[in-house]
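Here are my notes after a look through this one. Have it open while you read, and go through the points in order.

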Amino acid sequence: MDFTPENGTITMFSTTWCGYCNRLKKQLDAQGIGYTEINIEEVEGTAELVEQLNGGNQTVPTVLFPDGSAATNPSLAEVKSRLAA
């Protein structure tokens, strides 16, 4: 399954209990940045994908960008910068 987002948006892998995920979602909402949230505890295969992107760790939020690159727990500034590139 391909989780690569459309231009100008991100895919965020998260969990319901992740404080960093909730903070980033609030910041994205405030800035009007679109995202698709995928709960790695509910969507089969995504926990393994996050592990692959993070050297074996299920670290969230893991963000996927339209160019196929990923970032672990990025700041809002990093997300904005990478979407503008």
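1. The cut-offs here are under 20% relative accessible area for buried, over 50% for exposed, and partly exposed in between, with a 1.4 Å probe and protein chains only.

2. A word on what you're looking at: this is a predicted model, where local features need pLDDT of at least 70 and side-chain atom pairs count only at pLDDT 80 or more, while totals for chains, interfaces and linings use all residues. Residues are numbered from 1 along each chain as its sequence is written, and side-chain values use heavy atoms, with hydrogens and water left out.

3. Back to Thr59, which sits in the loop between α2 (46-53) and β3. Helices (H or I, at least four residues) and strands (E, at least two) are DSSP runs, numbered from the N terminus. Which residues is Thr59 in contact with, leaving aside its neighbours within four places in sequence? They are Val50, Asn54 and Thr72, contact being heavy atoms within 4.5 Å. From Leu83, 24 residues away along the chain, Thr59 is separated by 21 Å between C-alpha atoms.

4. Thr72 also turns up in the sheet: this β4 residue stands opposite Thr62. Strands β3 and β4 are joined by three bridges and run antiparallel; two strands pair if DSSP finds at least two bridges between them.

5. Now the whole sheet. Four strands make an open sheet with mixed pairing, in the order β2-β1-β3-β4. β2 and β4 (70-72) are the edge strands, each pairing on one side only. On average, neighbouring strands are turned by 20 degrees against each other, direction ignored. For angles, axes are lines fitted to C-alpha atoms (for helices, over the stretch in contact), and values run from 0 to 180 degrees between N-to-C directions.

6. Is β1 (residues 9-14) mostly covered or mostly open? Mostly covered: five of its six residues are buried. With β2 (residues 34-39), β1 runs parallel over six bridges, and Phe13 stands opposite Ile38 there. With β3 (residues 62-64), β1 runs antiparallel over three bridges, and Met12 stands opposite Val63.

7. Last, the helix α1. It packs on the sheet, touching β1, β2 and β3, and its direction makes about 160 degrees with that of β1.
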